[in-house]
Amino acid sequence: MASLRELSQKEVLFTGGHRLCAGCPAPIVVKQALLAAPRAPIIVQPTCCLEISSAVFPYTAWKTPYYHNAFENAAAVASGIEAAVKALKKRGKLDAGKDYYIICIGGDGGTYDIGFQALSGMLERGHRVLYICYDNGAYMNTGIQRSGATPYGAWTTTSHVGEAQKGKQQHRKDLAWIAAAHGAYVANASLHNWRDFMRKVEKALNYEGSSFINIQAPCPRGWRFPENMTVEIARLGTETCFYPLFEVEDRGQKWVINYTPKNKLPITEYLKPQGRFAHFFQKDNEYLIEEFQAEVDRRWEHLQRLAKMSAE
Ligand SMILES: Cc1ncc(C[n+]2csc(CCOP(=O)(O)OP(=O)(O)O)c2C)c(N)n1
């Protein structure tokens, strides 16, 4: 991977002047991904905060080819672009020796739920596309509705906290696991560890097939924390093993943990600074913390077992 000095001299293909919120994780993710790309990739986007705030006609923050499409079909459109590049190369209309990189980037609503069918098709057919989900754990752009990625117990505007229920009643969908079952190159990343994420992007772009990277993207508005804590919350997500860093290769057979905390922090360290979990710390609600911690431990132990088995 390029050194920090080399990276600092590279042009960032995502400009300032976009309309994303202060402290928003999306431009951090985008800048890291674009800096890791060997040259300007073709960007494909479903509707999401990032799209709505960076590509408001007639303005754009993208200095790359850019394609906005419907919520449901980003991965299908990206698949079509990849097939078109292949066909044009075959007919001599594009340089056959040149690599064209395609990155599809969407929020968790457009990835875990609404665009899931298109994503599954893309991964199954093995199109050479990198799909990045910036995982802010809810439909933020339309006002913080729960998604398949929203964690257990979290408050959103459609998982209320009151007498009848205490936030979201289900645990989050394990999408990395599902993507890995398709045989794609899969990685979990977090924006506080830019080097790990950029290495994964570079690897994915050079992978002969589909890849999927899920990146933890804490949202100050939706998660209810001050704007200057975005990176710190991401770090806590990884230090508590709620959002571990790992990658899956060899058609789902090889699981590698990229970072193991020296002292795995209790989940309360991650929950406490976030207003969406404020009710966890109220009287008689300790069971929410216990249930959350038990699920984090279960998934982390499962991941460790998979990594151990792969290494044997
Ligand atoms: C089929 C369809 N349903 C709903 C919408 C309205 N909509 C636009 S963006 C959005 C939320 C996107 O959420 P997510 O994908 O998680 O990205 P985020 O906004 O959180 O970055 C919704 C519901 C739409 N554009 N199309």
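**Labels and their criteria**

Modeller: Start with Asn263, which sits in the loop between E8 and helix H11 (268-271). Helices (H or I, at least four residues) and strands (E, at least two) are DSSP runs, numbered from the N terminus. This is a predicted model: local features need pLDDT of at least 70, side-chain atom pairs count only at pLDDT 80 or more, and totals for chains, interfaces and linings use all residues. Residues are numbered from 1 along each chain as its sequence is written.

Biologist: What makes Ile144 stand out in its phi?

Modeller: Its phi is positive, about 65°, although Ile144 is not a glycine. Most residues other than glycine have a negative phi, and most peptide bonds are trans. Ile144 belongs to the loop between E4 and H7. It has 24 C-beta neighbours inside 10 Å, so it counts as buried.

Biologist: And how do you know whether Cys241 is buried or exposed?

Modeller: Count again: 23 other C-beta atoms lie within 10 Å, so Cys241 is buried. Its loop runs between helix H10 (230-239) and E7. Cys241 is not a glycine either, yet its phi is positive, near 70°.

Biologist: What makes the bond between Phe57 and Pro58 cis or trans?

Modeller: Omega is about 10°, and the bond is cis. Pro58 lies in the loop between H3 and E2.

Biologist: How do you know on which side or sides of H6 its buried residues lie?

Modeller: The buried residues of helix H6 (residues 116-125) are Ala118, Leu119, Met122 and Leu123. They cover an arc of only 130° around the axis, so they are on the same side of H6. The arc is that of the directions from the helix axis to the C-beta atoms.

Biologist: What do they pack against?

Modeller: Helix H4 (74-90), helix H5 (108-113), strand E4 (130-135), helix H7 (175-180) and strand E6 (211-216). Contact means C-beta atoms, placed from the backbone, within 7 Å. Just after H6, Gly126 has a positive phi of about 75°.

Biologist: Why are E2 and E8 called edge strands?

Modeller: The open sheet has eight strands in the order E2-E1-E3-E4-E6-E5-E7-E8, with mixed pairing. Strand E2 (66-68) and strand E8 (254-257) each pair on one side only. Two strands pair if DSSP finds at least two bridges between them. Strand E7 (residues 246-249) and E8 meet that: four bridges join them, and they run antiparallel. There, Val248 stands opposite Trp255 in E8.

Biologist: Last one. Why is the protein called as compact as a globular protein of its length?

Modeller: The protein has 12 helices and eight strands. Its radius of gyration is 19 Å, close to the 20 Å that the globule rule gives for 312 residues, so the label holds. The radius is taken over C-alpha atoms, and the rule is 2.2 Å times the number of residues to the power 0.38. Of the 312 residues, 47% count as buried.

Definitions and conventions:
Buried ≥ 20, exposed ≤ 12 C-beta atoms within 10 Å, placed from the backbone. Contact = placed C-beta atoms within 7 Å.
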